[in-house]
Amino acid sequence: MLKTRTILGLAAALCLGASSAAFAEGDQPHIERNTWSFGGMFGQYDKAQLQRGFQVYREVCASCHSLSRIAFRNLVQPGGPEFPEEAVKALAKEYEVNQPPNDDGEVVKGPAKLSDRFPPLYANDKAARAIHNGALPPDLSVIAKARGLHYDGPWYLHPWSMLKDIVSSYQEGGADYIVGLMHGYKPVPSYKRDDKGRLTPVTETSGAGIEQCVSVTHGEHGQPDTCNQLADGMNYNAAFPGHQIAMINPFAAHSKDAPQVTYQDGTPQTVDQYAKDIAAFLSWASDPTLDQRKQLGWMVIFYLLITTGLLYIAKRKVWSGIAH
Amino acid sequence: MSGHEDTYKPGGPVEKWMDERLPLMRMMHGQFVDFPTPRNLNYLWTFGGILTFCLVAQIVTGVVLAMHYVPSAGAAFDSVQHIKRDVNYGWLIQPLHAVGGSMFFIAVYVHIFRGLYYGSYKAPREVLWILGVFIFLAMMATAFLGYTLPWGQMSFWGVTVITNLFSSLDEVIPGLGTAVVTWLWGGYSVTGATLNRFFSLHYLLPFVICGLVALHIWALHVAGQNNPDGLEVKSKSDTVPMSPYAVMKDMFGLSAFLILFAWFVFYAPDYLGHADNYIEANPLVTPAHIVPEWYFLPFYAILRAIPSKLGGVIAMFAAVGILAFVPWLDWSRVRSAKYRPIFKWFFWLFVIACLALGYLGAKPPEGSYVTWARIFTAYYFVFFLVIMPLVGLLETPSKMPGSITESVLVGEGHKEGGGTAAAGAVPAAPEHR
């Protein structure tokens, strides 16, 4: 009975805790979860995948998105893509960064070293917006931690789902979101308006009463529904909150015959693979010590389990002669 | 519990020399070795020790973090990233502190609910309980200030929303609220000046908590521990010395708690936080949903359940403040809910209401969420203001054992004499021990 109560107490506290991870539902799209090499208790990054992901970043994302918290040396360090040091030194030289002031007090640009971070792409946020039609491409250094999935099941299963995520140590919401976003570029959905002004999804894309809406605001008190149309310069994305995103489909130019990124290791060159590789790379960028953390983690847990067991035996021994 | 036997023997000439000048070791020995603890304590009583551990752990990790953290609007977010990426073992120390805050609150909530269930606030432990409420308040303030420091979007907007609550004082005296808010911010909006003073106070308050904890333990050691049966200690056989009995139990409890702690630190370090706080603070972009950390959610739900700003603020603070009056709101003659067949049900309903408020606090304040938040908020206050006094007055306590010793012997299956109903409940004068 007492034990039950203790467990109840802890479980209650856990449930409470987890609800902060909960978000408003509403217009949150459903995004599938993937299996990641770095998920779970013994998960570790897949070096080859991180290397491919970096290639995707370099060849696709880097034209708009900076990676300013990552240093070139990080690409060599254990637990990351672990590129050969010489290759990264050569890569760093391709980037120009501010050098310390010279003897004349001038700050000149020069080739980057291993210790330098990836240089910013824009002078400031306003400069970035000026180039990108008012939109600001976020820096990708911590993006995988800054995004996540939202629970979209029934409320009474929510505590159970939270407990499951804690026990299975689910922390890959950001990576799943990135994959969902890459797959989210689709034609704007079509709706048909009935005589009461209500909009219902249809498969036809043209015809009488067919409208293309990124989202629908339901009219209250018998008012007709409002069809929210795609704004100028925006793109439809099923996974993006609100479904309107300034970023164009980065893999729009991809086709089977002319793959957008050419892998050297024979990995399938598909958008799905690109999406997973870049998501894995960005997960590493935002959490570069995951390998180390999970390796130390199971040792700590193992140690604590043994210690707790021994303490329990000792406690039983101490209390053995005493009714309590 | 002063007056228990003193078994301290100085271990050598140095200790003897010291003992004749400042008997510190004698006091520690008396309070933490000889100190009599009721023999019927269950594992919920290990949370006091766990909380002490949490406080020390937070201070130790916090002091180390402060060596690397930069409390300025331009550098705070980057300095946390720097700690996690470049500082030796920063990737471990940072989540130990961040998760540690959550663990501290899990433990304190278990501790508070335990006190409510077993009537640990009743005479002669009122001051002990009120000190606990002050510690809880100081913890909340510290946690709130600390959550500002990473300077993410939730940090920034959380501070903006919560400090702005004081502007509701404008409804009482026009201009007062605005003046208070400007004073708190150190300017006309949340800026680096706010961050800097919050960092300073975040470093100060834990030491205030230490002081309060010392008083809390002092009050505990004067009144003695309550116990699951809510019976006063009557004879020596009712207690066991703290060492090795309670110490051993506490160590086991702490070790088990550390497994949970380690699980979050190593395998779910971000689970208890919010993804938006990995976006650097931006005064120009408001997050879609501003939610506080999980441990504030029940109070946040109460704040939003009241359809008036000032009313909501008053209700939120009252929800914590009311705890201080619990010793006088409970009119029961019996301490422990174990012997209170009716109160027991209301208590568990109260636990459910708190959990539900926590859940609703994370939801947007719209539709049925608001309705439910109002229902549970109403119950929260009804529990303290109506149920506690009335049930205490009307309920017939179930049959209680005559003493702690008797209760554990019955528990062990050695039926030795029957208990007398309600006997031994809050005796007027505890006899000589």
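**View 1. Burial and overall form of chain A.** In this predicted model, 30% of the 324 residues of chain A count as buried. Chain A contains 9 helices and 9 strands. Its radius of gyration is 26 Å, well over the 20 Å given by the globule rule for 324 residues, so chain A is more spread out than a compact globule. The C-alpha trace of chain A spans about 85 × 75 × 45 Å along its principal axes. Of the contacts in chain A between residues at least 6 apart in sequence, 63% join residues at least 24 apart.

**View 2. The contact between chain A and chain B.** Chain A contributes 46 residues to the contact, and chain B contributes 51 residues. On the side of chain A that touches chain B, at least two residues come from each of α1 (2-18), α5 (143-146), α6 (158-167) and α9 (290-319) of chain A. The most is given by α9(A), with 16 residues. Sorted by class, this side of chain A has 26 nonpolar, 13 polar and 7 charged residues.

**View 3. Helices α5 and α10 of chain B.** Two packed helices are described by the angle between their axes and the distance between the axes. Helix α5 (residues 90-117) of chain B and helix α10 (residues 242-267) of chain B have axes that come within 9 Å and cross at roughly 135 degrees. This angle makes α5(B) oblique to α10(B). The crossing in which α5(B) passes α10(B) is right-handed. From α5(B), the contact is made by Pro95(B), Leu96(B), Val99(B) and Met103(B), and from α10(B) by Phe261(B), Phe264(B) and Val265(B). By class, the contact of α5(B) with α10(B) has 7 nonpolar, no polar and no charged residues.

**View 4. Helices α14 and α15 of chain B.** Helix α14 (residues 341-361) of chain B packs on helix α15 (residues 368-394) of chain B at an angle of about 150 degrees, and their axes are 9 Å apart. Because angles over 145 degrees count as roughly antiparallel, α14(B) is roughly antiparallel to α15(B). The contact of α14(B) with α15(B) divides into 17 nonpolar, 1 polar and no charged residues.

Note on methods: Residues are numbered from 1 along each chain as its sequence is written. Chains are lettered from A and ligands numbered from 1 in the order in which they are written. This is a predicted model: local features need pLDDT of at least 70, side-chain atom pairs count only at pLDDT 80 or more; totals for chains, interfaces and linings use all residues. Helices (H or I, at least four residues) and strands (E, at least two) are DSSP runs, numbered from the N terminus. The radius of gyration is taken over C-alpha atoms; the globule rule is 2.2 Å times the number of residues to the power 0.38. A residue is buried if 20 or more other C-beta atoms lie within 10 Å of its own, exposed if 12 or fewer, and partly exposed in between; C-beta atoms are placed from the backbone. Two residues are in contact if their C-beta atoms, placed from the backbone, lie within 7 Å. Ala, Val, Leu, Ile, Met, Phe, Trp, Tyr, Cys and Pro count as nonpolar, Asp, Glu, Lys and Arg as charged, and the others, Gly among them, as polar. Axes are lines fitted to C-alpha atoms, for helices over the stretch in contact, and angles run from 0 to 180 degrees between N-to-C directions. Angles under 35 degrees count as roughly parallel, over 145 as roughly antiparallel, 65 to 115 as roughly perpendicular and the rest as oblique. A crossing is left-handed if the near helix is turned anticlockwise from the far one by less than a right angle, and right-handed if clockwise.
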